[in-house]
Amino acid sequence: MADVNRGNRPLSPHLTIYRPQWTSMTSIFVRITGNALIVATLLIVWWFAAAAAGPEAFATANGVITSWFGDLVLFLSVGALWYHMLGGLRHLVWDAGYLLDVHKSEMMGQAMVIIAVLMTIFTAIVV
Amino acid sequence: MAYMTDRKRAVGNGAAKTGTEHHWQMIVTSCALAILVPFFVFTFGPALGGTYEEIIAYYSRPYPAIVAALTMLVGLIHFRGGVQTLIEDYVHGMARKVLIIGAICLSYGAAAVVLFAIVRLAL
């Protein structure tokens with residue numbers, strides 16, 4: 001028993017074999033959006049550092065962040081931000097012991113996608 | 001022929017014993033960010049696009065400066081915890097350690113830079 005085969009046993013296939021579900025897909029995108037937000041965060045850190053450094057440095061950083069590319073990054077990041085925030089609030093609801101059954105979990109997943117899209121459009125219009 | 005018993009092989013590979021604090025830190029920072037992020041988006045967003053002089057004047061005010069400093073600091077601490085979980089799930093061995101150390105340095109480094117910059121703008 002002590003020298004059983006380690007590390008070469010068949011593993012249960014998971015991601016590749018299951019039909020995509022609202023619960024799993026929304027969870028994966030919470031992870032992707034959360035970590036992708038470091039791009040916009042570092043852009044904003046750079047922007048603040050440049051503003052503190054002086055007008056020339058600010059002109060460079062501000063030029064990048066207000067270019068079409070900067071706009072695109074910030075627009076996608078606002079979407080990622082609201083989506084990730086709703087995902088986090090969903091975790092707080094689950095941690096508190098509510099809405100844990102499959103039907104309600106899937107409804108929460110659909111709701112957070114819709115709300116995140118609406119909040120992103122609202123932010124893009126207002127800001 | 002290996003003499004190690006199943007029990008001996010399992011000892012030490014169980015719970016890491018430190019996960020509770022990590023989870024709790026993510027909970028606390030996420031609660032803080034749920035409040036801070038809307039304030040930051042709707043103070044930083046309208047300011048963006050202003051001239052150098054407008055930005056200096058805007059971030060000399062306490063409210064936008066404190067909101068920006070807190071959001072960046074708590075956000076980067078939250079990222080530091082989140083990205084560590086991401087790395088632990090997908091990367092193994094030495095690369096895992098290097099990436100985790102690098103991510104922690106990046107998080108605190110960026111936090112230090114942005115706090116210094118905001119304090120300098122505000123004062």
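This is a predicted model: local features need pLDDT of at least 70, side-chain atom pairs count only at pLDDT 80 or more; totals for chains, interfaces and linings use all residues.
Which residues have the most contacts inside the largest nonpolar core?

View 1. Residues are numbered from 1 along each chain as its sequence is written, and chains are lettered from A and ligands numbered from 1 in the order in which they are written. The core (a set of buried Ala, Val, Leu, Ile, Met, Phe, Trp, Tyr and Cys residues joined through C-beta atoms within 7 Å) has 47 residues, and those with the most contacts inside it are F48(A), A51(A), M72(B), V114(B), A117(B) and I118(B). Helix 1 of chain A gives the most, with 10 residues. Helices here are DSSP runs (H or I, at least four residues), as strands are (E, at least two), numbered from the N terminus. Leaving aside residues up to four places away in sequence, F48(A) touches V114(B), A117(B) and I118(B), where contact requires C-beta atoms, placed from the backbone, to lie within 7 Å.

**View 2. The contact between the chains takes 24 residues from chain A and 31 residues from chain B.** On the side of chain A that touches chain B, two or more residues come from each of helix 1 (22–53), helix 2 (55–65) and helix 3 (68–95) of chain A. Helix 1 of chain A gives the most to this side, with 11 residues. By class, the side of chain A that touches chain B has 16 nonpolar, six polar and two charged residues, with Ala, Val, Leu, Ile, Met, Phe, Trp, Tyr, Cys and Pro counted as nonpolar, Asp, Glu, Lys and Arg as charged, and the others, Gly among them, as polar.

**View 3. H84(A), listed by UniProt under "binding site" in an unreviewed entry, lies in helix 3 of chain A.** Such annotations may be inferred rather than shown by experiment, their feature names are shortened, and their positions are given in the numbering used here. H84(A) counts as buried because 27 other C-beta atoms lie within 10 Å; the cut-offs are 20 or more for buried, 12 or fewer for exposed and partly exposed in between, with C-beta atoms placed from the backbone. Not counting residues up to four places away in sequence, H84(A) touches V30(A), T33(A), G34(A) and L37(A).

**View 4. L99(A) has a positive phi of about 55 degrees although it is not a glycine.** This residue lies in the loop between helix 3 and helix 4 (102–126) of chain A. L99(A) counts as partly exposed because it has 13 C-beta neighbours inside 10 Å.

**View 5. Chain B has five helices and zero strands.** The UniProt annotation "transmembrane region", from an unreviewed entry, covers residues 27–49, 61–79 and 99–122 of chain B. For residues 27–49 of chain B, the end C-alpha atoms lie 34 Å apart and the span is 91% helix and 0% strand. For residues 99–122 of chain B, the end C-alpha atoms lie 34 Å apart and the span is 100% helix and 0% strand. Along its principal axes the C-alpha trace of chain B spans about 75 × 25 × 20 Å.

Notes. Two residues are in contact if their C-beta atoms, placed from the backbone, lie within 7 Å.
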